[in-house]
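Morning, everyone. Please have the model open on your screens.

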Amino acid sequence: MSGDGPSLVWFRDDLRLADNPALTAALERGRPIVAVYVLDEESPGIRPLGGAARWWLHGSLTSLADSLERLGGRLTLRRGPAEDAIRELAASVGADAVFWNRRYGQAEREVDTRIKSSLTAGGILARSFAGSLLFEPWTIQTGQGGTYSVFTPFWRACTAGPPPRAPFATPESFPGFSGPIASDQLERWELLPTRPDWAAGLRETWQPGEESAHRRLTTFLHESLARYGTERDEPAQTVTSRLSPHLRWGEISPFQIWHATEQARIGLTGTAQASATRFLTEVGWREFSYHVLFNSPRIATVNLRPEFDAFPWPKLDERVLEAWQHGRTGIALVDAGMRELWRTGSMHNRVRMVTASFLIKNLLIDWRLGEQWFWDTLVDADAASNPFGWQWVAGSGADAAPYFRVFNPELQAKKFDPHAVYIRQNVPEYGTDAYPAPIVDLGETRRAALAAYEQIKGMK
Ligand code: FAD
């Protein structure tokens with residue numbers, strides 16, 4: 001398209017300059033660029049961000065704006081329904097092309113489809129790209145043309161084809177649009193908590209932004225990749241990549257991670273080399289979560305296995321839910337995980353499984369309440385991976401753990417945190433009189449959960 005207006009690049013879950021196909025396309029077009037982020041809390045069906053995610057978004061937008069300014073550009077901020085914001089901005093700057101990277105949730109896709117048709121109807125070029133997933137959901141199909149509901153064949157199908165494309169180059173300059181553009185001020189969005197400011201632990205733990213994401217990847221590949229396969233389940237080890245919030249916000253792309261890992265693998269042998277495969281397989285679980293989200297858009301609220309709709313959840317005792325949320329259950333590994341989450345906005349994967357299993361199968365609380373708490377408190381809260389993880393643990397999901405697999409948090413602690421290092425890091429009073437007694441008996445509640453499951457087993 002060879003109009004002479006500026007191009008608009010709409011940043012969404014891809015807050016980076018490097019390996020950004022939408023930005024690359026705009027740069028190739030050779031016209032001045034208007035970079036915009038829209039805080040859309042109003043379009044129908046868009047799930048409002050949780051508190052920790054809002055905190056991250058503030059940092060990530062600050063970082064993206066700084067990077068653009070260093071290259072001579074700037075980031076325009078708009079708030080409101082994206083359809084109105086993008087149309088209005090395109091009209092006000094006279095843009096004749098709009099570029100973005102695709103999203104995969106249903107509400108987001110509907111918004112994007114509407115915007116694409118209204119821009120196109122107005123004579124504006126609208127183009128979208130694959131920037132956030134290695135394998136877009138509709139490109140991976142079973143032999144019969146269906147969708148996958150089991151991970152292993154899904155990942156086999158993904159990896160059977162050509163490898164993911166190489167990352168696009170990092171732009172060296174940015175032809176910013178020089179005309180006037182109205183922009184919101186980030187501070188006015190009030191994404192950061194103030195009364196009270198509960199984000200001290202998040203600030204200590206995380207540094208949002210593209211540069212920080214790449215530092216983390218480099219450190220991980222040098223220091224931990226070789227041990228990942230054998231130590232990734234131990235929460236006291238800092239062996240996993242901790243890239244999930246950076247991936248969630250697209251500060252780094254899976255293409256960059258894939259190729260950097262393949263590069264790092266070259267120098268490895270034996271179990272270290274197998275570790276690299278294992279790591280990329282975990283990145284594959286993220287792809288699978290999106291495959292499932294795309295095909296079951298209501299994954300955060302609807303059981304993927306309908307027989308679970310009849311599960312006899314007892315009446316909710318709010319005090320029990322609060323004890324879980326705040327890490328006061330008297331079950332040490334559960335409390336350690338829930339306190340880590342509250343303090344840092346994150347939790348180790350093994351402990352996510354244990355705390356989720358405890359809520360669903362020992363406290364008999366509906367998984368959706370746990371999912372919502374994680375959604376609000378995780379910096380990596382992800383519309384696909386979070387509900388997918390919860391339904392996996394509940395047994396109601398795709399390729400899920402069977403319901404009768406109840407994690408025993410004491411055995412899990414013995415196995416994965418044998419010296420209680422992780423527990424003590426997060427529960428300083430552990431082992432003293434100040435630590436509460438368990439709020440439930442693990443054996444009894446397990447039996448009650450299995451009895452409840454018997455009632456729905458075989459139902460459809
Ligand atoms: P690594 O082990 O270094 O893995 C690399 C990357 O692969 C991760 O950053 C992540 O993007 C992806 N990944 C790894 N494991 C999984 C998995 N099981 N499912 C999907 N992707 C995976 N992950 C989120 O990103 N956001 C969530 O909201 C989220 N909620 C979860 C809720 C529950 C109940 C469970 C059991 C898991 C959840 N996960 C979620 C998956 C997993 O726990 C995190 O991705 C992982 O702990 C992040 O740490 P890491 O970056 O060090 O992972």
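How many bridges join strand S4 to S5? There are 5, and the two strands run parallel. One example: Phe 99 has Arg 127 in S5 as its bridge partner.

Two ground rules. Residues are numbered from 1 along each chain as its sequence is written. This is a predicted model: local features need pLDDT of at least 70, side-chain atom pairs count only at pLDDT 80 or more, and totals for chains, interfaces and linings use all residues. Helices (H or I, at least four residues) and strands (E, at least two) are DSSP runs, numbered from the N terminus.

Back to the sheet. It is open, with 5 strands in the order S3-S2-S1-S4-S5, and the pairing is parallel. Two strands pair if DSSP finds at least two bridges between them. S3 (75–79) and S5 (125–129) are the edge strands, each pairing on one side only.

Now the helices. H2 (residues 51–70) lies across S1, S2 and S3, at about 145° to S3. H4 (residues 106–121) packs on the sheet and touches S4 and S5. Contact means C-beta atoms, placed from the backbone, within 7 Å. Angles run from 0 to 180 degrees between N-to-C directions, with axes fitted to C-alpha atoms, for helices over the stretch in contact.

Last stop, the ligand. Among the 27 residues around the ligand, Thr 240, Ser 241, Ser 244, Asn 386 and Gly 389 come nearest. Near means a C-beta atom, placed from the backbone, within 6 Å. H9, H11, H14 and H16 each give two or more residues to this shell.

Definitions and conventions. Contact = placed C-beta atoms within 7 Å.
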